[in-house]
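Please read it alongside the sequence and coordinates.

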Amino acid sequence: MIKADVLILGGGPAGLMCASRCAASGLSVLVLEKKGSPGRKLLASGSGRCNVSSARPLEEYLSAYGERGRFVKSALLNFPPAEARSFFENRGVPLTEMKEGKLFPKSQRAKDILDALVLSCADSGVSIR
């Protein structure tokens with residue numbers, strides 16, 4: 001039996017980021033993923049390039065989504081685009097700004113984003129099963 005403070009169901013990008021942040025705060029974390037490896041769907045995002053976030057000011061970014069912007073507002077206030085950018089760049093994944101302020105890995109490879117998430121989890125002691 002594995003004991004953990006936090007159990008996360010699903011090893012997609014959100015689950016991996018959540019796991020990494022929880023573990024970095026000192027909690028023991030277990031991620032359960034039904035596929036053979038975590039984050040597989042991420043590899044297809046942005047045509048395999050992975051749009052990470054936006055370089056636009058937060059209010060401008062949210063207003064572009066109209067009413068739907070309310071849905072993501074609390075998430076973006078708690079983990080703003082600038083923090084997301086720092087997270088990946090501090091893990092060796094430089095980002096580049098494309099049209100409309102979209103941020104992609106400079107390599108144009110979603111795999112680099114996934115590798116950074118998985119490595120962050122491993123470095124923080126997250127168990128993925």
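## Glu60 and its partner

In this predicted model, Glu60 has a relative accessible area of 39% and is therefore partly exposed. The side chain of Glu60 meets that of Arg56 in a salt bridge, with an N to O distance of 3.1 Å. Arg56 has a relative accessibility of 25%, so Arg56 also counts as partly exposed.

## Other salt bridges

The structure holds six salt bridges. One of them joins Arg21 and Glu83, whose closest N and O atoms are 2.8 Å apart. This pair links distant parts of the chain: Arg21 belongs to helix α1 and Glu83 to helix α4, and the two are 62 residues apart. Arg21 is partly exposed because its relative accessible area is 39%. Glu83, at 32% relative accessibility, is likewise in the partly exposed class.

Glu67 and Arg70 also meet through their side chains in a salt bridge, at 3.1 Å from N to O. Glu67 has a relative accessible area of 60% and so is exposed. Arg70 is exposed as well, with a value of 64%. Exposed here means over 50% relative accessible area.

## The largest pocket

The largest pocket contains about 790 Å³ of space. Its lining consists of 27 residues, and Asn51, Val52, Ser53, Tyr61 and Leu76 are the ones nearest the pocket centre. Two or more lining residues come from each of α1 (13-24), β3 (53-54), α3 (69-78), α4 (81-89) and α5 (110-124). Helix α1 gives the largest share, four residues.

Sorted by class, the lining of this pocket comprises 19 nonpolar, four polar and four charged residues.

## Glu89 in helix α4

Helix α4 includes Glu89. With a relative accessible area of 35%, Glu89 is partly exposed, because that class lies between the 20% limit for buried and the 50% limit for exposed residues. The C-alpha atoms of Glu89 and Pro105 are separated by 9.1 Å, and these residues are 16 positions apart along the chain.

## A nonpolar surface patch

Which residues form a nonpolar patch on the surface? They are Leu7, Leu9 and Leu32, which together have about 310 Å² of accessible area.

Leu7 is part of strand β1, which covers residues 6-9. The relative accessible area of Leu7 is 52%, so this residue is classed as exposed.

Key. Residues numbered from 1 in each chain as written. Predicted model: local features only at pLDDT ≥ 70, side-chain atom pairs only at ≥ 80, totals over all residues. Heavy atoms only, no water. Patch = residues over 30% accessible without salt bridge, like charges linked within 9 Å, V, L, I, M, F, W, Y side chains within 5 Å. Areas by Shrake-Rupley, 256 points an atom, 1.4 Å probe, with all protein chains shown as cover. Salt bridge = Lys/Arg side-chain N within 4 Å of Asp/Glu carboxyl O. Buried < 20%, exposed > 50% of the residue type's maximum accessible area, 1.4 Å probe, protein only. 1 Å grid on protein atoms, 1.4 Å probe; cavity = no way out; pocket = protein on both sides within 12 Å on 5 of 7 lines; lining within 4 Å. Points joined across faces, edges and corners; volume = space filled by probe spheres on them. Nonpolar A, V, L, I, M, F, W, Y, C, P; charged D, E, K, R; others polar.
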